[in-house]
Structure formats: structure tokens, C-alpha cells
Amino acid sequence: MANIQDTFDPKPRKFIVWLFVVSSTIMFGGFTSYYLVFAASKGKGHGLVLPDAFIYSSLVIIASSITLMLASRALRKLNFSLQRRMLWITVVLAISFGFMQFNAWGSMVKTGATLVGNNAAISFIYIVSGMHLLHIIAGVALIISTLVGSYKNIPLVKSQFRMEIASIFWHFIDILWIYLYVFLLLNR
């Protein structure tokens, strides 16, 4: 009977994750390019002071990347209890990020900046932050898969693979949010 380490090949699965990262980068690049062309043709940006919830959510997602990095480090040192604790904290921070995004949208609606209105530039904020939130949900699913795997008696190579995939994806959506937030700040 073959050992799991002999039969488990993470390369094709890792390639799929990288393909998703590249395609998401292209998609968000297209969104921001569209916005630049749209804003240039109208001679103005969205004109909003972005809600403070976007600042706080940025800090939360950065903290979540740090806790995920600590979880990866704990797994490399075979400290499974610390890995689980850091994964749980990452999940809580990720969910907090999502709630902060909804809070930011609520703040925007209270100021009259609605998704459907006469300003497509404002609608853009909802669209890109909403698409990013969908990526957050996918990232949370990967982190939860890693967390569940840490409680099961799965081979170390599979546990490390799950951790690596979750880390690649999560750090990508962290960097993506920072890019989007700075983009929105600079293009008011």
C-alpha cells in the first residue's frame, strides 16, 4: 500500500489556486481600469469621503494575515495547538472584516450614496468591495478547511498543503483589499 506522501501531488492543485489568483487580479485590474476611463470621461471621481469602517477593516485584514502567518509558522514547528488558535483568530478577524464592509455600505447609504443611483462611480465602490467580499468568503472556506484538517488525523503533508493554499489565497485577498482601498482613496 502506497504512503500518502508518495501519492499526494500538490502541484496541480496549487497551480489551480495560482490560476485563480491571476484571473482575479485581471478581473480587479479590469474593474479599476474601467473606473479610471469612466472617471476621466466624466471629469470626476466618486466624490465621497470613504467610511471609517473601510480604514478599520483594512487594519483587521492586515491583522488576519499576520495571524495566518503565525499559524503557518506554528505548523512548521509542529505546534498544532498554536496553529489552531491562530486559525480561529484568523477566522474571527475575517468575519469581522465582512461585518465592517456591511457597516461601511450602511454608512454610505445613510449619506445618500446608494448602489443604484445616478453616480456610476459610487456604484463601483459597492461592486468592487462586494466582489472582494465574495473572495473573503472563499478565503474563509479555505481557512476553515485548514482548521478542520488540523483537528483530524490527516497526514502532515496534506495539512501543510491546506495551510499553504489558504495562505496563498488569503494573503492575496489582503493585498488586493489594500490596493482597492488605496485606489478608492486616490480616485475621489
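Me: What does the accessible surface of the protein chain come to, and what share belongs to carbon and sulfur atoms?
Reply: The accessible surface of the protein chain is about 10200 Å², and 69% of that belongs to carbon and sulfur atoms. These areas come from the Shrake-Rupley method with a 1.4 Å probe, and for residues only the protein chains shown count as cover. Please keep in mind that this is a predicted model, in which local features need pLDDT of at least 70 and side-chain atom pairs count only at pLDDT 80 or more, while totals for chains, interfaces and linings use all residues. Residues are numbered from 1 along each chain as its sequence is written, and side-chain values use heavy atoms, with hydrogens and water left out.

Me: OK, and how many of the residues count as buried?
Reply: Of the 188 residues in the protein chain, 43% count as buried. Buried means under 20% relative accessible area, exposed means over 50%, and partly exposed covers what lies in between, with a 1.4 Å probe and protein chains only.

Me: What secondary structure does the chain have?
Reply: The protein chain has six helices and zero strands, which along the sequence gives the pattern α-α-α-α-α-α. Helices (H or I, at least four residues) and strands (E, at least two) are DSSP runs, numbered from the N terminus. Along its principal axes, the C-alpha trace spans about 65 × 30 × 20 Å.

Me: How much of the contact count comes from residues 24 or more positions apart?
Reply: Among contacts in the protein chain with a separation of 6 or more, 83% are between residues 24 or more positions apart. A contact here means heavy atoms within 4.5 Å.

Me: What about aromatic pairs, how many does the structure hold?
Reply: There are 13 aromatic pairs in the structure. Rings of Phe, Tyr and Trp (its six-membered ring) pair if their centres lie within 6.5 Å, and planes under 30 degrees apart count as stacked, over 60 as edge-to-face and the rest as tilted. F169 and F172 have ring centres 6.4 Å apart and planes at 55 degrees, so this pair is tilted. F169 and F172 are separated by about one helical turn because they are three residues apart in helix 6 (residues 156–186). F169 is buried at 3% relative accessible area, and F172 is buried at 12%.

Me: Which residues do ring pairs link into a cluster?
Reply: Ring pairs link Y35, F124, Y179 and F183 into a cluster.

Me: Last one: which residues make the nonpolar surface patch?
Reply: I62, I66, M69 and L70 make a nonpolar surface patch of about 300 Å². Patches are made of residues with over 30% relative accessible area and no salt bridge, where like charges are joined within 9 Å and nonpolar side chains (Val, Leu, Ile, Met, Phe, Trp, Tyr) within 5 Å. I62 lies in helix 3 (residues 52–76) and is partly exposed, at 36% relative accessible area.

Me: How far is the C-alpha of I62 from that of I175?
Reply: The C-alpha atoms of I175 and I62 are 8.6 Å apart, while the two residues are 113 residues apart along the chain. I175 lies in helix 6 and counts as exposed, at 60% relative accessibility.

How values were computed:
A salt bridge is a side-chain nitrogen of Lys or Arg within 4 Å of a carboxyl oxygen of Asp or Glu.
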